[in-house]
Structures are given as C-alpha cells and as structure tokens.
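Visitor: I would like to learn how to read a protein structure, one feature at a time. Can we start with a backbone angle and go on from there?

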Amino acid sequence: MSQRVSTRQHHQHALDVAHPPSRPGTSRAVLLPVAVVLLIGTVFVSVYLAAFHAPRPHQLRVGTTEIGTHQVHLRQDLARVVPGGFTLETYPDESAARRAVQDRSVYAAYLGKGDLLYGSANGAAVTATVTTAFGSVARAEHRHLSVEDVAPASAGDTRGLSVFYAAFGLVLAGYLFGMTTYQVAPRLQYRWRMASLALFGVVGGVLIAAIAGSTGFGALPGPFLPLVVVIALMGAAVGATTMVLLRLFGSAGVSLASILLLILGNSSSGGIMPAAYLPPWLRPLSEILPVGVGVRAMQGLSGFQDDGLSRALVILPLWVLGAAAVLYLKDVFRREAPSGARDLGESQPAAA
C-alpha cells in the first residue's frame, strides 16, 4: 500500500520541465550564447528588411465598375504603373463597389471619370499606393482624381499602426508566459498549467482591448467583447505554442519560438501593411500563424465589418487545442503509460 501511495505521489508531481540542461564546457558556454543570439538577430534583420525595405503591392485587390474597353484600358494603365501590383474585380454599380471597400473585399474601387473609393483604415501605405496608381489612371483620362474615404481610420489610429504594436506586445507577453510558466513552476500539474494559460489569455485580452479600444486610446474602436475574445485566443495560441516548442526541443525551443512567433509572426501579421506587400515566401504565413489571423480579425472588428473574424474563431482555437493536446501527450499520457504498467496495470492519471 505504501509503495502504491508513493507511486501515485510521484505521478502527481512528475517533473514537468523541458529537457534538463547539461553542464556545458567553457568553450560551449562562451560560444553558444553568442551564436544563438546573433542567429536570432540576423534572422530578425533579414526578415524585416526583406519585408519592408522596399514594399510594393503584389496582386493587391482593387475593384471597378467600368466594363468593356474602359476596363481594358484601366488594366493596362495599372499594369504600367505597378506591373503585377493589382488584381481587378468588377462590380455592377457604385453601391456594390462601396460595400466591397467597406468589408475589405477590395482595398479601393475606381468608378470611372476620375472617382475613387478607398479606406484610410487600411493604413498610409495602402492609401498612398491606390491614390498614386489611380491618380495616374485619371491623368491618362485627362481627369482630376476625386477620392472618397468610405472606411476611415479611427481618430485614435490615424496612421493605422496601432494594431501592430498592440499585437506585438501581446505576442511578446505570450512568448514570455510560455517560458516563464515552466521556470516558475516546473512541477505544476497539467490541469493547473492549462488554467494558468486560460487566465493569461482572458486577462491579456481584457487589458489590451481596454487600453487600445474605445475605453482607452480609441485605436481599436470595435465592440469590446469580440475584441477581448480574439485577443485572448491570439495570446493563448502564442503562449501555448511557445510551451510546446519548449517541451519538445528544450532550450532550443526558446529560439525557435522567437523566430516563429516574434519575427516571422509579427512581420507577416499585416499590422504594418497588408500581406499583399510581403515577399511571396512570407505571405502565406499571414494566413496561418496566430498573429496574422488575430490582427486581421482585430482590424475587421474595428473598421471592416468583421472581416477575418470567422476565420480567427476557427484557426486560433485550433492552435490552442492542438498545443494543449501535444502538452497532454508530453506531460501526462506518455509519463502515465509506463508507470501504470509497472504498477500491475493500475494507472493513475496524475496530472489530469
């Protein structure tokens, strides 16, 4: 009986940490930190310069109500101004084109005769791109470009960059949480670690929505509760992913998490400018990494009729649940199976 109780106690307090570090030699202790930090710094500089040193649109979606030869000339003019820069969608009338700009199906819509609909909530880069390109089109038609902002930026975010900084802060917090949880409590049971993750997500969502939203700086004027949900899910996804990488790869997982989430995630998030401005190799990440998915939903809630919200409510929980499943397999299931076999088939789910 005492042996069984002792085994159960061992199960309940199984060492819940990443791979224990070995004692490095002097050369390794001197050189490894230098190599790791410089590698991360080099990746950061390379990715951000590749993304933003000379941004130009690639297949940026724009619309028009023009048809026939007028549309042919419009396509030719746009291709002359920015080769490969635009994808042109056709709308039957001004009302349909206006709705498309407002829900961000397109980033601008040309109505002909020099009239352009755009949304300044897309940021200064997009505004400059579409007004410059369609200004050239209007001049080719011997007209003056007349613009109408149908999706204006909020008064608290005139440059359209606040969502990037809010997301960056949340991602940094999630990354630090994922590391700190195992440093502070290496023996914490699985269910309590998941409770800590949920608490981090909810409180982080409330704080950032309150600071950046209508109750704070007014940079994200969307409805408070949906913003809290999206931000909480994004923070939990980042924290859980960091935890998984730490558990699977030990100390190397910290570096992997910083590259994947802090560098690749933030640079491809669309918070500075849309994914259409990114290099082709970086662009797909905005559709799958938690940061890009969350940022698009935050922007949609604040200015584009909930664009990206449905996608976020599917993808972000998948990140959280997938990470939780991996952590369960790593911290509970695989530890319990051999212990239960030794204990005459009587398995006790220690950390469930």
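This is a predicted model: local features need pLDDT of at least 70, side-chain atom pairs count only at pLDDT 80 or more; totals for chains, interfaces and linings use all residues.

Visitor: What is the phi of Gln59?

Guide: The general idea first: most residues other than glycine have a negative phi. In this structure, Gln59 has a phi near 55 degrees, a positive value in a residue other than glycine. Gln59 is partly exposed, with a relative accessible area of 45%.

Visitor: Which other residue has a positive phi although it is not a glycine?

Guide: His142 is one, with a phi of about 60 degrees. His142 lies in the loop between α5 (124-140) and β5 (146-149). Its relative accessible area is 77%, so His142 is exposed, the cut-off being over 50%.

Visitor: Now the rings. How is a pair of aromatic rings described?

Guide: A pair of aromatic rings is described by the distance of the centres and the angle of the planes. Here the count comes to eight aromatic pairs. In one of them, the rings of Phe44 and Tyr48 have centres 4.5 Å apart and planes at 20 degrees, so the pair is stacked.

Visitor: Where do Phe44 and Tyr48 sit in helix α2, and how many residues apart are they?

Guide: Phe44 and Tyr48 are four residues apart in helix α2 (residues 26-52), so about one helical turn separates them. Tyr48 also pairs with Phe52: this pair is tilted, at 5.8 Å centre to centre and 50 degrees between the planes. Tyr48 and Phe52 are likewise separated by about one helical turn, because they are four residues apart in helix α2. Phe44, Tyr48 and Phe52 form one aromatic cluster.

Visitor: Is Phe44 buried, exposed or partly exposed?

Guide: Phe44 counts as partly exposed, at 35% relative accessibility. Tyr48 has a relative accessible area of 13%, and buried means under 20%, so Tyr48 is buried. Phe52 is buried too.

Visitor: Which charged end sits over the ring of Tyr182?

Guide: That of Arg193, 4.0 Å from the centre of the Tyr182 ring. In another case, Arg104 lies over the face of Phe304, at 4.4 Å from the ring centre.

Visitor: Back to burial. Is Ser267 buried or exposed?

Guide: Ser267, in helix α9 (residues 251-267), is buried, with a relative accessible area of 2%. Its side chain reaches the backbone oxygen of Leu264 at 3.2 Å. Leaving aside neighbours within four places in sequence, Ser267 is in contact with Val47, Tyr48, Phe52, Leu278 and Leu282. Two of these names, Tyr48 and Phe52, belong to the aromatic cluster with Phe44.

Visitor: What does Ala97 touch?

Guide: Not counting residues up to four places away in sequence, Ala97 touches Thr65, Tyr91, Ala109, Leu111 and Leu117. Ala97 is found in helix α4 (residues 94-102) and is buried, with a relative accessible area of 0%. Ala97 and Tyr110 are 13 residues apart in sequence, and their C-alpha atoms are 8.4 Å apart in space.

Visitor: Last, a pocket. How many residues line the second largest pocket?

Guide: The second largest pocket is lined by 28 residues, and Tyr107, Pro274, Ala275, Glu287 and Arg296 lie nearest its centre. Its volume is about 360 Å³.

Visitor: Which element gives the most to the lining of the second largest pocket?

Guide: α10 does, with four residues. β1 (60-64) and α10 (290-303) each supply at least two residues of that lining.

Technical notes:
Residues are numbered from 1 along each chain as its sequence is written. Side-chain values use heavy atoms; hydrogens and water are left out. Buried means under 20% relative accessible area, exposed over 50%, partly exposed in between (1.4 Å probe, protein chains only). A polar contact is a pair of N or O atoms within 3.5 Å; within protein, one must be able to donate a hydrogen and the other to accept it, and residues adjacent in sequence count only if both atoms are side-chain atoms. Contact means heavy atoms within 4.5 Å. Rings of Phe, Tyr and Trp (its six-membered ring) pair if their centres lie within 6.5 Å; planes under 30 degrees apart count as stacked, over 60 as edge-to-face and the rest as tilted. A charge sits over a ring if NZ of Lys or CZ of Arg is within 6 Å of the ring centre and within 35 degrees of the ring normal. On a 1 Å grid over the protein atoms alone, a cavity is a set of points where a 1.4 Å probe fits but cannot get out, and a pocket is an open set with protein on both sides within 12 Å along at least five of seven lines; lining residues have an atom within 4 Å of a point. Grid points are joined across faces, edges and corners, and a volume is the space filled by probe spheres set on the points.
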